[in-house]
Amino acid sequence: MIEAEEKRLSGYFAELADTADKVPEYRLDAALAGGMERAQRKSRGWRRSYAAVAFAVMALLIAASLLWRGGAEPVTTTAKDWGALEVYRPLVGNNLTIRSALDAGMVQEMDVSSPVVKGMQLTVNGVIADRRGIILLYSLNNEEGRNMFAGSFELKDKANSLTPLSSSNYSNFSPSSESHRAGEPGRHYESKLIPWKSELKQLPDILYCTLTLVEMGAESEAGGGIAKLNVALDLRKDADYSRGSLLTTGETFIIKGQKITLENVYAGPTGIYMTQVKDRTNTMRIFSLYNPSLWLGQGKWATALGESGGYSLTNRGETVIYHTDNMRGDEPLIFRTEGMVAIALDNDELIIDIDKGQVIEAPDKRITVTKVETDKGEMAVDVLFPLHRTEEGVIRGPVLNQNYSDGDGSGHLLGFGVQIVKDPTSNFEYIQENDSDFLKVRIHNLEPNLPQPLTFRFEYYPNLIKEKVIAKLR
């Protein structure tokens with residue numbers, strides 16, 4: 001009897017260990033809490049179900065221990081020699097993604113140079129590539145010290161293709177620490193992370209790469225000096241690391257009834273790609289998550305992975321690229337956020353009557369408006385917004401759309417007519433009122449004699465909603 005029970009327990013725990021890896025951590029926490037509560041309610045019948053209770057307790061202990069498996073010290077591996085790419089070490093610096101990829105040998109060395117155009121030459125020395133993006137390690141040789149500014153890269157799988165593989169709507173949060181300085185002669189080393197426009201099934205055999213440079217200043221040629229530097233890169237497709245891995249097709253969490261899905265989370269040597277999709281049924285306009293973070297490992301060995309870039313996808317939300325540690329590829333990966341910045345969809349406008357100095361509609365009742373007479377005789381208004389403070393400091397102020405409408409529904413454009421009013425000692429003018437700080441924003445260049453009220457739409461409003469969320473991705 002005892003041997004039979006031991007075999008059942010052994011088999012159960014083996015199955016439990018396999019299942020625990022597939023269940024998000026916060027759901028296991030909830031299951032543990034619920035099981036303990038149910039055990040308390042049934043404690044009076046413990047004598048009749050001693051075996052079942054013992055079985056449940058042992059299962060809970062095993063499950064709890066499984067949650068902390070990631071707290072073990074990471075397995076260390078010896079970093080590989082960077083070889084000819086050692087010259088990039090000062091440039092790479094603390095860039096975790098590039099440094100760890102070179103340490104792990106996840107790089108293809110090459111030496112491909114473009115023809116010299118207007119005294120400029122591009123040389124690609126290394127490529128780190130996967131199905132979501134590519135990192136180029138390259139140099140620019142400015143033979144004549146021309147005042148050339150590096151523009152954007154365009155990547156294609158065919159030389160005459162009209163459709164580039166690279167994304168154009170992209171912002172790089174971690175540019176090269178010692179990037180090319182226009183006008184300085186000599187060779188300058190740089191790195192660039194470029195995401196693909198969409199996930200590639202496989203890397204192209206040949207990647208046609210074009211870097212556009214623009215000459216600035218009085219010495220530029222008529223119409224502006226432009227240099228296009230072209231190289232063709234023979235990519236190695238047989239490297240296992242270039243495939244990367246899809247961690248989840250969709251992990252949904254809820255903050256104050258609003259659904260956000262982490263869609264198609266992908267991990268590769270160029271980074272961790274995460275698309276944040278807001279549900280169409282949401283009743284709030286979500287501007288951003290509050291203090292989102294991605295953690296590699298658990299316990300005292302957990303490491304926060306910073307953002308390396310991001311780009312927007314039409315109707316699919318924003319894709320954020322996080323750094324990755326390619327020397328610790330199999331460790332647990334956990335996403336955390338402490339809330340969101342959002343306002344109700346039916347209250348995302350600022351409607352004001354300038355003539356009466358009245359706020360008709362706004363996300364906060366403390367917002368006030370005052371008509372201003374400027375020295376230029378233009379029509380302007382000061383809007384007083386409450387500042388939202390956190391432990392880390394002040395959340396940035398509101399942002400208004402440049403388009404607005406008048407009382408008759410006609411549209412108008414502010415141009416560059418919104419500025420933050422400053423004083424000589426601060427970047428912001430703080431006004432203390434009822435123990436709360438306010439930010440004064442001046443809207444000028446308004447067209448005179450417009451029918452009131454005027455309606456502005458917020459592009460960002462710092463309404464903070466705190467709620468902690470944890471999602472286990474690996």
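**Backbone angles and their surroundings**

Modeller: Lys 256 is exposed, at a relative accessible area of 53% (with a 1.4 Å probe and protein chains only, over 50% is exposed, under 20% is buried and anything in between is partly exposed). Before I go on: this is a predicted model, so local features need pLDDT of at least 70 and side-chain atom pairs pLDDT 80 or more, while totals for chains, interfaces and linings use all residues. Numbering starts from 1 along each chain as its sequence is written, and side-chain values use heavy atoms, with hydrogens and water left out.

Back to Lys 256: its phi is positive, near 50 degrees, and it isn't a glycine. For background, most residues other than glycine have a negative phi, and most peptide bonds are trans. Lys 256 sits in the loop between strand 9 (245–255) and strand 10 (258–268); strands here are DSSP runs of E with at least two residues, helices are runs of H or I with at least four, and both are numbered from the N terminus. Strand 10 also holds Asn 264, a non-glycine with a positive phi of about 50 degrees. Asn 264 counts as partly exposed, because its relative accessible area is 32%.

Next comes a peptide bond: Gln 452 and Pro 453 are joined in cis, with omega about 0 degrees. Look for Pro 453 in the loop between strand 28 (436–446) and strand 29 (454–460).

Rings of Phe, Tyr and Trp (the six-membered ring for Trp) pair when their centres lie within 6.5 Å; planes under 30 degrees apart are stacked, over 60 edge-to-face, the rest tilted. That rule gives nine aromatic pairs. Tyr 266 and Tyr 273 have ring centres 6.2 Å apart and planes at 65 degrees, so they are edge-to-face. Both partners are tucked away: Tyr 266 is buried at 2% relative accessibility, and Tyr 273 is buried at 0%. Elsewhere, ring pairs tie Phe 385, Phe 458 and Tyr 461 into a cluster.

Now for helix 5 (residues 96–103), which is mostly covered, with seven of its eight residues buried. The buried ones are Leu 96, Thr 97, Ile 98, Ser 100, Ala 101, Leu 102 and Asp 103. Going by contacts (heavy atoms within 4.5 Å), the cover over these includes helix 4 (89–92), strand 2 (120–129), strand 3 (133–142), strand 6, strand 11 (271–278) and strand 14 (303–305). Arg 89 has its charged end over the ring of Trp 82, 3.8 Å from the ring centre; to qualify, NZ of Lys or CZ of Arg must be within 6 Å of the centre and within 35 degrees of the ring normal.

Lys 201 is exposed, because its relative accessibility is 77%.

Of the contacts with a separation of 6 or more, 70% come from residues 24 or more positions apart.
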